[in-house]
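Please look at the model below.

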Amino acid sequence: MNENKEINCSLITKWLRVMIYVAIVSLVNAIVNILPFVPASVTTWISRGIIVAMAVCMYRLSSVNEGYQKAWIMRASMLACNLITTFLWASSFLALVASILSIIAVYREYNAHSELIAEKDPKLSSKWHSLFMWSILAGVLVGLGSVVAVLVVAMSGMDTVKITAIVVGLLGIPQMILDVVYITYLKKMIDILSEGNEEGSP
């Protein structure tokens, strides 16, 4: 039994570390996306690669918690919707479905993290739920802010593309901060689980 527990801890910490690396790449990609001289197509494809990488991490952790299994399925479905709208036809309905799947995927992932660490650190477990709520708030802020920015720019007659890109970039700062918090929480989970694994070793 102890051996299985140790193997699980090794598996969990391994893929949580991979998730940290992927999250760092995602954060850098979000920062690069703000830069006006970087083609949007480049950062878009990197984002898709990030979705795949995260889905693989969730898949590898699916034996540990059911939430991870649902999370990787949601991410894979979201990517499928995204690719269909890109290569086959532009569909606002599929774009909406992809957005909903993204929210569900994040919820499932954060809930799985919360359940995984609940026994060892209830406070960190609770913080994962709070982080999800802050992520939703940040998403709403970016959505509403983008709409307002487009309307204001359109009425003022300014350069729509450049101004909108700047505004969206500024509105994305709260999400970047949350991404840093996300990485910090994953790091804490790894530290806690690694300590528990060392204590349980003979």
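The side chains of Tyr68 and His113 make a polar contact at 2.7 Å. A polar contact is a pair of N or O atoms within 3.5 Å; within protein, one must be able to donate a hydrogen and the other to accept it, and residues adjacent in sequence count only if both atoms are side-chain atoms. This is a predicted model: local features need pLDDT of at least 70, side-chain atom pairs count only at pLDDT 80 or more, and totals for chains, interfaces and linings use all residues. Residues are numbered from 1 along each chain as its sequence is written, and side-chain values use heavy atoms, leaving out hydrogens and water.

Tyr68 sits in helix α3 (residues 66–87). Helices are DSSP runs (H or I, at least four residues), numbered from the N terminus. Is Tyr68 buried or exposed? Its relative accessibility is 0%, so Tyr68 counts as buried. Buried means under 20% relative accessible area, with a 1.4 Å probe and protein chains only. Leaving aside residues up to four places away in sequence, Tyr68 touches several residues, among them Met58, Glu109 and Leu116. Contact means heavy atoms within 4.5 Å.

Now the aromatic rings. The whole structure holds six aromatic pairs. Rings of Phe, Tyr and Trp (its six-membered ring) pair if their centres lie within 6.5 Å; planes under 30 degrees apart count as stacked, over 60 as edge-to-face and the rest as tilted. Two of these pairs share Trp128.

| Pair | Centre distance | Plane angle | Type |
|---|---|---|---|
| Tyr110 and Trp128 | 5.2 Å | 55° | tilted |
| Trp128 and Tyr185 | 5.4 Å | 75° | edge-to-face |

Tyr110 lies in helix α4 (residues 92–117) and Trp128 in helix α5 (residues 122–156), so their pair ties together parts 18 residues apart in sequence. Tyr185 lies in helix α7 (residues 173–200), so its pair with Trp128 ties together parts 57 residues apart in sequence. Trp128 is buried at 0% relative accessible area. Tyr110 is buried too, at 9%. Tyr110, Trp128, Tyr182 and Tyr185 form one aromatic cluster.

Finally, the whole chain. The protein chain has seven helices and zero strands. Of its 202 residues, 36% are buried. Among contacts with a separation of 6 or more, 73% join residues 24 or more positions apart.

Notes: Helix = DSSP H or I, 4+ residues; strand = E, 2+ residues; numbered from the N terminus. Buried < 20%, exposed > 50% of the residue type's maximum accessible area, 1.4 Å probe, protein only.
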